[in-house]
Amino acid sequence: MPDPSAAVARLAGAVKRYGPQRALDGLDLALQRGEILALLGPNGAGKSTSIGLLLGLIRADAGRVELFGRDPQQLAARRHIGVMLQSAALPATLRVGELLRLAASYYPHPRPLAESAELAGIADLLGRRYGNLSGGQQRRVQFALALCGRPRLLFLDEPTVGMDIEARQKLWAAIRRLRTEEGCAIVLTTHYLEEAEALADRVCVLARGRLVGEGSVDALRAQVARTRIRCLSDLDATAVAAWSQVSVAERDGDRLRIVTTAAEQVVRRLLDADPALRELEVQRAGLAEAFTELTREVA
Amino acid sequence: MNTTVSQASAIGHAAAAAAMPWRRVLGAYREEARAEILRYLRMPNFMLPLLLMPCLFYLLFGIVLAHANGPDAPRYLLASYATFGVMAPGLFGFGVSLAMERGDGLLMLKRAMPMPPLAYLLGKMAMALLMAAVVSLLLLAMAGCLAHAGLHPSQMVRLLVTGTLGVLPFGALGMLIGSLAKGQGGPGTVNLVYLPMAFLSGLWFPLSILPGVLQRLAPVWPSYHLDQLALQAVGLGHAGSAWGHVAALAGFTAACLLVAARRLRRYG
């Protein structure tokens, strides 16, 4: 186990209230070097508040917030990070190259401008005015600004919103490259679960300001080890629902739909009980199901 | 255990490396000012009204219709319109842009990035100073070439300096407005302050023809003090010593900055 003191960013017992509402209710979160962490959760779960604390934009009411062992409100701590926020209107009349040059000037050892542009796939846009770019191109420019300072920790808030599939794949490739080649840690918030599945080493699911699930994508899926079974059968749904390890059984026209934690046993018993059973489908729950399950338990 | 120690020291190392040489820090200030100036120079619909309004007013009242107002009118109105003209880049350059940038998330991004906070303010200040200098120069050129106001070169230099530095209190006031208003609310709020204040400070009509209450109230407005300094610069001032007006403006600037900085730190 890595020592928590070696974390690049850490929340310990962080509490943030807005009026009577607790946006964060004692959250513990530590991010290790070179790790890609996805923060998931429904709206209002506390994702933005967590990021706001780690970026020093807001102050915690209680608990500790550390960025490279320092207060994130210190400039020296933030010189190691890159940021891509969900909504930030960059000056429309500046050219892409000018924006990059400005962002790079904030950092002690920035990348050469051409390297940042190449990594983000905007080398052909440097001379264009930001306001004349498409939404997806603007997102790529924002990504270039985030990585231009050779960050050791990158915050990406909904990075691929408004991008087409190809652009999204390219951005994912760039994110993986930053991690493997430079050991850059990444905090990612996203609504696209496939994005978390494709990139994240670890997923943290938040709900109502608390951590309700944590682990690798596989571990999280296993934590909600549910499988869906569908088949054409005359068996009585209420009888099946009473079988051990069946959590749901219901009829949908001719089809019987079952949710279980022990697919193999249930399938064997189904086939025994109804030799005429046809069109059997067995499907493992995805991250989406696991996510819904985890956040529903809290709600 | 060993890995823990080496990881911790690696991070300590990185923290030391984050100390930025002062040349690079200075570079951030320079780039911020450069970006701010470039950005607005490319927005003629923002720039031109600020530059042309005082010039048009001066052309009309200070030159074309000046003969109806007596021999001192071109100089008197030069001071008034220079004051009116440099209020705008301060109020709009800080007030409107800050309100917009708080509304559209740009300020939040910059606060999250390692931008030195002062660079942001100094960048806007550089832009406002530049605009104020250009407005003052345009008016001075008109006064010299068209109005034949008979200004001594030392008076011209003094008015240029007064006008250029005179933008600062209004930049501070703009910053205060920008820290209160957000997004699209900026321009309206700024105009609500700009135009009445110009009127109440005697920039539109001489104070002597305003009601007595408004005359006594005039020293409350920073534009009154700047106008008095501008009048003294062109050899027409008499109300109070120059340093008194400078002190009033400096105090006003400091008070606005203090309140605005507090609000921005607390609410972003």
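This is a predicted model: local features need pLDDT of at least 70, side-chain atom pairs count only at pLDDT 80 or more; totals for chains, interfaces and linings use all residues.
Good morning, colleagues. I shall begin with chain B. Its secondary structure amounts to twelve helices and zero strands. The C-alpha trace of chain B spans about 90 × 35 × 35 Å along its principal axes.

Let us now consider the interface. Chain A brings 38 residues to the contact, and chain B brings 32 residues. Between the two chains an area of about 3400 Å² is buried, and carbon and sulfur atoms give 63% of that area.

What polar interactions accompany this contact? There are 13 residue pairs in polar contact between chain A and chain B, counting pairs with both residues at pLDDT 80 or more. On the side of chain A that touches chain B, three elements each supply at least two residues: α2 (75-78), β5 (81-84) and α3 (96-104). Of these, α3(A) has the largest share, with five residues. Sorted by class, the residues on this side of chain A are 23 nonpolar, six polar and nine charged.

Two salt bridges are found across the interface of chain A and chain B. One salt bridge joins Arg42(B) to Glu98(A), with the closest N and O atoms 2.8 Å apart. That separation is why the pair qualifies, as the rule asks for a side-chain nitrogen of Lys or Arg within 4 Å of a carboxyl oxygen of Asp or Glu.

The structure holds five cavities of 30 Å³ or more, and I shall describe two of them.

The largest cavity has about 90 Å³ of space. Which residues line the largest cavity? From chain A there are Leu90(A), Pro91(A), Leu99(A), Leu102(A), Ala103(A), Tyr106(A) and Leu145(A), and from chain B there are Leu106(B), Leu109(B), Lys110(B) and Met113(B). Two elements give two or more residues to this lining, namely α3 of chain A and α5 (106-112) of chain B. By class, the lining of the largest cavity has ten nonpolar residues, no polar residues and one charged residue.

Which element gives the most to it? That element is α6(B), with four residues. The lining of the second largest cavity divides into seven nonpolar, one polar and two charged residues.

Finally, I come to an open space, the second largest pocket, with about 340 Å³. The pocket is lined by 15 residues, and those nearest its centre are Thr162(B), Leu165(B), Leu229(B), Val246(B) and Leu249(B). Four helices of chain B, α7 (153-165), α8 (167-180), α11 (222-233) and α12 (242-267), each supply at least two residues of the lining. The largest share comes from α12(B), with six residues. By class, this pocket lining has eleven nonpolar, three polar and one charged.

That concludes my presentation. Thank you for your attention.

Definitions and conventions. Residues are numbered from 1 along each chain as its sequence is written. Chains are lettered from A and ligands numbered from 1 in the order in which they are written. Side-chain values use heavy atoms; hydrogens and water are left out. Contact means heavy atoms within 4.5 Å. Buried area is the accessible area (1.4 Å probe) that two parts lose on being put together, summed over both. A polar contact is a pair of N or O atoms within 3.5 Å; within protein, one must be able to donate a hydrogen and the other to accept it, and residues adjacent in sequence count only if both atoms are side-chain atoms. Ala, Val, Leu, Ile, Met, Phe, Trp, Tyr, Cys and Pro count as nonpolar, Asp, Glu, Lys and Arg as charged, and the others, Gly among them, as polar. On a 1 Å grid over the protein atoms alone, a cavity is a set of points where a 1.4 Å probe fits but cannot get out, and a pocket is an open set with protein on both sides within 12 Å along at least five of seven lines; lining residues have an atom within 4 Å of a point. Grid points are joined across faces, edges and corners, and a volume is the space filled by probe spheres set on the points.
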